Amino acid sequence: MHLFERGVQPCIKMEGIELKMSKYLKLWEFVEKSNKSAITISFDDVESITGFKIDHSFLKNKKELESFGYCVDKISMKEKTILIKKQK
């Protein structure tokens, strides 16, 4: 296994399989470590955790959170928050 750069996204290549590392990995790890049944995170908190502002790619990448045992329940554009719940 070795780590290399392809474009902007770092990738891991393992036995011919290429896995892209998520730009939201720090956020997913933060949620997992919280070990809460539900957590509300503000857009500002996302920026503090990840180092960048939340963008449209979040909608595509939010499914990755399921592999950490959580799912995005609600995104409030009005309140600028994300409600994340632990999967049952």
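**View 1. Aromatic pairs in the predicted model.** A search of the whole structure finds 4 aromatic pairs; rings of Phe, Tyr and Trp (its six-membered ring) pair if their centres lie within 6.5 Å, and planes under 30 degrees apart count as stacked, over 60 as edge-to-face and the rest as tilted. Look for Y24 and W28, a tilted pair with 5.7 Å centre to centre and 35° between the planes. Both Y24 and W28 are buried (under 20% relative accessible area, with exposed over 50% and partly exposed in between; 1.4 Å probe, protein chains only). This is a predicted model, in which local features need pLDDT of at least 70 and side-chain atom pairs count only at pLDDT 80 or more, while totals for chains, interfaces and linings use all residues. Residues are numbered from 1 along each chain as its sequence is written, and side-chain values use heavy atoms, leaving out hydrogens and water.

**View 2. Y24 meets F52.** The ring centres of Y24 and F52 are 5.4 Å apart with planes at 65°, so this pair is edge-to-face. The pair links distant parts of the chain, 28 residues apart: Y24 lies in the loop between β3 (17-20) and α1 (25-34), and F52 in the loop between α2 (43-50) and α3 (57-61). Helices (H or I, at least four residues) and strands (E, at least two) are DSSP runs, numbered from the N terminus. Y24 has a relative accessible area of 0%, whereas F52 is partly exposed at 22%. Together, Y24, W28, F52 and F58 form one aromatic cluster.

**View 3. K23 over a ring.** Here the charged end of K23 sits over the ring of F52, 4.9 Å from its centre. For this, NZ of Lys or CZ of Arg must be within 6 Å of the ring centre and within 35 degrees of the ring normal.

View 4. An open sheet of 3 strands runs in the order β4-β6-β5, with antiparallel pairing; two strands pair if DSSP finds at least two bridges between them. β4 and β5 are at the edges with a single partner strand each, so one side of each has no neighbour in the sheet. β5 and β6 pair over 6 bridges, and I75 stands opposite I82 in β6. α1 packs on the sheet and touches β4, β5 and β6 (contact means heavy atoms within 4.5 Å). α2 also packs on the sheet, touching β4, β5 and β6.

Terms used: Axes are lines fitted to C-alpha atoms, for helices over the stretch in contact, and angles run from 0 to 180 degrees between N-to-C directions.
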